[in-house]
Amino acid sequence: MPQTIAVLDFGSQLTQVIARRIRECQVYSKIYHYSTPAAKLREDNVAGIILSGGPQSVYAKKAPHPDPAIFTLGVPVLGICYGVQLMGHFLEGEVEHSKAREYGHGVLTIQKPGRLFAGLPKKLRVWNSHGDKLTKLPPGFRAIGTTENSPFAAIEDAKRNFYGIQFHPEVFHTERGGDMIRNFLLGICAVKAEWTTRDFITQAVEKIRAQVGNGRVLLGLSGGVDSSVAAALLHKAIGKQLTCVFVDNGLLRKGERKAVEKLYGDHFHIDLRVADAGKLFLRRLKGVSEPEQKRKIIGRTFVEVFEKSLKSIGRAEFLGQGTLYPDVIESVSIGGNPAALIKTHHNVGGLPERMKLKLIEPLRELFKDEVRRVGEALGLPQEVVWRQPFPGPGLGVRVMGDITPDKLEILRNADAVLQEEMMSSGFYYKVWQSFCVFLPVKTVGVFGDERTYDYVIALRVVESTDAMTADWAKLPHDLLQKISSRITNEVRGVGRVVFDISSKPPATIEWE
Ligand code: XMP
């Protein structure tokens with residue numbers, strides 16, 4: 001067992017972010033329920049404890065309280081936000097209950113750097129989100145940092161190695177917060193920085209094997225990063241006990257199905273089943289041009305096809321999913337309603353319950369960039385690991401209006417040219433997304449001596465960090481020129497190429 005840091009979870013949305021910061025320091029951590037008995041932590045030989053934040057007041061009727069004996073284990077403890085209140089409450093300080101919460105930026109003035117703030121500048125911007133406030137230090141403690149509103153923004157009992165910080169070091173808004181956590185781990189808890197992606201994989205493999213036993217796992221493979229990494233990880237753990245299903249909905253990009261078959265079937269030797277449902281999707285979409293209706297039809301048909309193909313595979317106990325730790329984006333206002341901004345994961349229409357499958361989600365605690373690292377370590381190629389996002393409804397929302405096989409063919413060919421040029425110029429990995437949109441508008445042109453009357457392709461290339469906002473990418477003119485002339489020359493049916501120069505907001509990234 002590696003040296004373990006215990007994170008006691010008191011219900012904060014940020015507990016997983018703390019775990020992530022710990023991983024960034026190459027240290028292993030485990031999230032425990034707040035009520036975990038101290039004896040269990042001793043048994044697990046934890047090298048330090050972090051008390052997470054939490055939405056409650058320590059005085060609330062059902063306030064989550066830890067086993068008080070955690071303070072007698074003889075290991076360092078770092079209380080964050082609610083964690084400091086708990087220290088005040090359990091170690092004989094005083095905590096003042098306040099109905100109003102204090103949110104937002106504050107300036108921390110470090111009075112005594114000690115080991116927690118070693119190497120940090122004297123003043124730092126920090127992020128607050130708390131209600132109650134420590135008003136009297138517990139015996140043995142001293143203040144090591146203050147903010148405008150709190151003389152006890154950071155406290156320490158260097159003898160017992162107890163530290164408390166009122167603000168959130170784990171969020172991006174707190175300057176050098178990662179260094180504070182690093183100081184706690186490597187300095188105060190004296191653990192070694194040696195927990196790597198490979199260790200994560202080894203442990204995940206063990207966990208999957210223990211969970212699955214001799215059972216069978218089914219997994220819907222979309223070809224995107226998350227499901228690809230989940231597939232590779234599950235396959236490493238249980239090999240032939242994994243069966244993947246890839247739904248060809250007829251709305252895929254050029255060569256996509258072949259690439260998936262080649263990589264997972266031929267290269268990884270994964271038991272891959274392809275549900276060939278393109279005709280069904282197109283039949284149902286025939287004549288439908290309203291975007292929401294198109295999405296609904298595609299979504300419903302997907303669930304139906306997926307469920308049917310899972311049933312045809314035979315008995316299985318588990319459904320694997322590439323769920324990531326919900327994207328609690330660091331720009332999320334902690335004071336607002338983070339839940340509203342978290343992208344919740346959608347089980348495929350209640351399918352696990354209907355089919356009596358247990359979910360297995362080996363990437364559940366990871367963030368996107370960590371998943372990419374795991375993918376790389378598992379040997380997935382760069383074009384999978386660093387693939388741009390692609391919407392579930394696929395080209396269905398990139399052919400404007402009603403969808404026909406001919407329009408899809410034109411879009412596929414134009415998009416293939418764009419991607420080729422994005423790849424060879426190196427811009428593919430520099431932008432967030434780059435794709436073509438088919439416009440069902442015919443415009444006049446000339447080709448040789450002939451007048452033409454052909455469709456329009458729009459290029460949509462955007463930069464973004466989280467898809468919440470986006471800006472159109474300022475691609476070099478010679479690259480745009482090459483893309484445009486190649487599309488009009490090589491793709492039959494296209495007479496004009498336009499470049500979308502709209503930002504999000506007000507425009508969305510996709511056109512439908
Ligand atoms: P918009 O168009 O809303 O897109 O600015 C934001 C991001 O989400 C992707 N997107 C989808 N992804 N299913 C998905 O899995 C969908 O229905 C869907 N619609 C949009 C889009 O490509 C962009 O990255």
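Trainee: Which strands does helix H5 lie across, and at what angle does H5 run to E16?
Mentor: Keep in mind that we're looking at a predicted model. Helix H5, residues 197–212, lies across strand E12 (217–220), strand E15 (318–320) and E16. Its direction relative to E16 comes out at about 170°.

Trainee: And helix H6, what angle does its direction make with that of E12?
Mentor: H6 covers residues 225–238 and packs on the sheet. It touches E12, E13, E15 and E16. With the direction of E12, that of H6 makes about 160°.

Trainee: Which strands stand at the edges of the sheet, and why is one side of each left without a neighbour?
Mentor: Start with the order: this open sheet of five strands reads E14-E13-E12-E15-E16, with parallel pairing. Each edge strand has a single partner strand, so one side of it has no neighbour in the sheet. Those strands are E14 (271–276) and E16 (358–360).

Trainee: How many bridges join E13 to E14, and which residue in E14 does Asp248 stand opposite?
Mentor: Strand E13, residues 242–248, runs parallel to E14, and six bridges join them.

Trainee: Over on the surface, which residues form the nonpolar patch with Met423?
Mentor: Met423 itself sits in helix H14, residues 405–425. Its relative accessible area is 36%, so it counts as partly exposed, and that clears the over 30% cut-off for patch residues. The patch has about 270 Å² of accessible area together, and the residues alongside Met423 are Trp386 and Tyr429.

Terms used
Residues numbered from 1 in each chain as written. Predicted model: local features only at pLDDT ≥ 70, side-chain atom pairs only at ≥ 80, totals over all residues. Heavy atoms only, no water. Patch = residues over 30% accessible without salt bridge, like charges linked within 9 Å, V, L, I, M, F, W, Y side chains within 5 Å. Areas by Shrake-Rupley, 256 points an atom, 1.4 Å probe, with all protein chains shown as cover. Salt bridge = Lys/Arg side-chain N within 4 Å of Asp/Glu carboxyl O. Helix = DSSP H or I, 4+ residues; strand = E, 2+ residues; numbered from the N terminus. Buried < 20%, exposed > 50% of the residue type's maximum accessible area, 1.4 Å probe, protein only. Pairing = 2+ DSSP bridges. Contact = heavy atoms within 4.5 Å. Axes fitted to C-alpha atoms, helices over the stretch in contact; angles between N-to-C directions.
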